[in-house]
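The following exercises ask the reader to work through a structure step by step. Each task is followed by its solution.

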Amino acid sequence: MSLSKAISFGYSFTLVVVGVLIGLVMALFNYIKNRNKDPPQVSRHRSGLLISGLEEGTSLQADLPFHGVRVLELSTVVAGPMAARVMSDLGAEVIKVEDAKGDPFRNVFCEYEYPRPYGSAFEVCNLGKASVKLNLKTAEGKAKIMDLLADADVFITNVRVDALVRLGLDYESIRDRVPHLTYASLTAYGRDGPDCGLPGYDVGAFWATTGMSALVQQPNTYVLYPAGFGDLTTG
């Protein structure tokens with residue numbers, strides 16, 4: 001990349017990143033203010049469990065490649081939800097599991113979109129899904145998610161492996177109980193190695209760790225991180 005192109009690219013992304021950072025700071029304050037509120041009210045039911053959150057998505061069509069496939073998603077923010085969103089677009093039935101407070105990504109940019117109950121950024125990653133509120137730290141919640149897994153064809157999660165182990169939802173713990181299930185785990189740094197248990201988002205796990213950030217900045221300047229590239233492409 002030539003110096004002139006790098007400068008032009010860098011300035012353009014500076015404006016984008018500054019806007020995103022301002023939005024994220026405001027979203028953080030909004031999340032802290034509203035973190036004890038419940039997610040949006042009940043919209044429908046499935047399998048006797050409380051389903052809440054998203055509007056009805058596009059109808060499933062028999063000619064789509066994943067028609068008839070049921071996906072259970074236990075993930076938050078972008079990478080995991082986006083993977084399940086793609087499957088929904090291709091015809092799968094997707095049920096998203098959330099805790100009582102809901103995916104924190106629901107509140108991102110809500111301050112700009114009042115009176116929407118959740119932000120459009122959340123909707124982009126979750127369109128067409130149902131969602132169920134479960135407390136996975138209780139015996140009842142664990143029993144219900146196992147019922148959902150028994151009925152599912154695919155399980156998508158971006159919960160860290162150590163947390164999945166504590167919940168009894170890691171692959172080794174459930175593979176004999178649901179041998180038919182395709183288990184998809186998205187992690188920041190892989191499932192083994194010295195960094196496997198670390199949390200990670202787009203900025204650190206994608207741009208910084210891979211060295212990609214060096215391609216979008218000038219020498220001796222502040223580092224620029226075009227938001228969302230790593231999370232979205234991972235999903």
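**Exercise 1. Determine how the side chains of E140 and K144 meet, and where the two residues lie.**

Solution. Step 1: the side chains of E140 and K144 form a salt bridge with an N to O distance of 3.2 Å, a salt bridge being a side-chain nitrogen of Lys or Arg within 4 Å of a carboxyl oxygen of Asp or Glu. Step 2: both residues belong to helix α4, four residues apart, or about one turn of the helix. Helices (H or I, at least four residues) and strands (E, at least two) are DSSP runs, numbered from the N terminus. Step 3: classify each residue by relative accessible area, where buried means under 20%, exposed over 50%, and partly exposed in between (1.4 Å probe, protein chains only). E140 is exposed because its relative accessibility is 54%, whereas K144, at 28%, is partly exposed.

The model is predicted: local features need pLDDT of at least 70, side-chain atom pairs count only at pLDDT 80 or more, and totals for chains, interfaces and linings use all residues. Residues are numbered from 1 along each chain as its sequence is written, and side-chain values use heavy atoms, with hydrogens and water left out.

**Exercise 2. Find the side-chain partners of E93 and R106, and state whether each of E93 and R106 is buried or exposed.**

Solution. Step 1: E93 is placed in strand β4 and is buried, at 18% relative accessible area. Step 2: its side chain makes a polar contact with that of R70 at 2.9 Å. A polar contact is a pair of N or O atoms within 3.5 Å; within protein, one must be able to donate a hydrogen and the other to accept it, and residues adjacent in sequence count only if both atoms are side-chain atoms. Step 3: R106 is found in the loop between β4 and α3 and is buried, with a relative accessible area of 3%. Step 4: the side chain of R106 makes a polar contact with the side chain of E98 at 2.6 Å.

**Exercise 3. Describe the largest nonpolar core and the elements that supply it.**

Solution. Step 1: apply the criterion, namely a set of buried Ala, Val, Leu, Ile, Met, Phe, Trp, Tyr and Cys residues joined through side-chain atoms within 4.5 Å. Step 2: the largest such core has 19 residues, and L72, L149, L169 and I174 have the most contacts inside it. Step 3: β3 (70–74), β4 (93–98) and α4 (139–151) each supply at least two of its residues, and α4 gives the most, with four. Step 4: beyond its neighbours within four places in sequence, L169 is in contact (heavy atoms within 4.5 Å) with residues including L74, I145, F155 and Y183. Step 5: a second, separate core of 10 residues includes A79, M87, V154 and L186.

**Exercise 4. Compare the burial of helices α2 and α7, and state what follows α2 and α7.**

Solution. Step 1: nine of the 11 residues of α2 (residues 79–89) are buried, so this helix is largely enclosed by the rest of the structure. Step 2: after α2 comes G91, with a positive phi near 110 degrees. Step 3: in α7 (residues 202–210), the buried residues are D202, A205 and W207. Seen down the axis of α7, they fall within an arc of 155 degrees (taken from the directions from the helix axis to the C-beta atoms), so they line one face of the helix.
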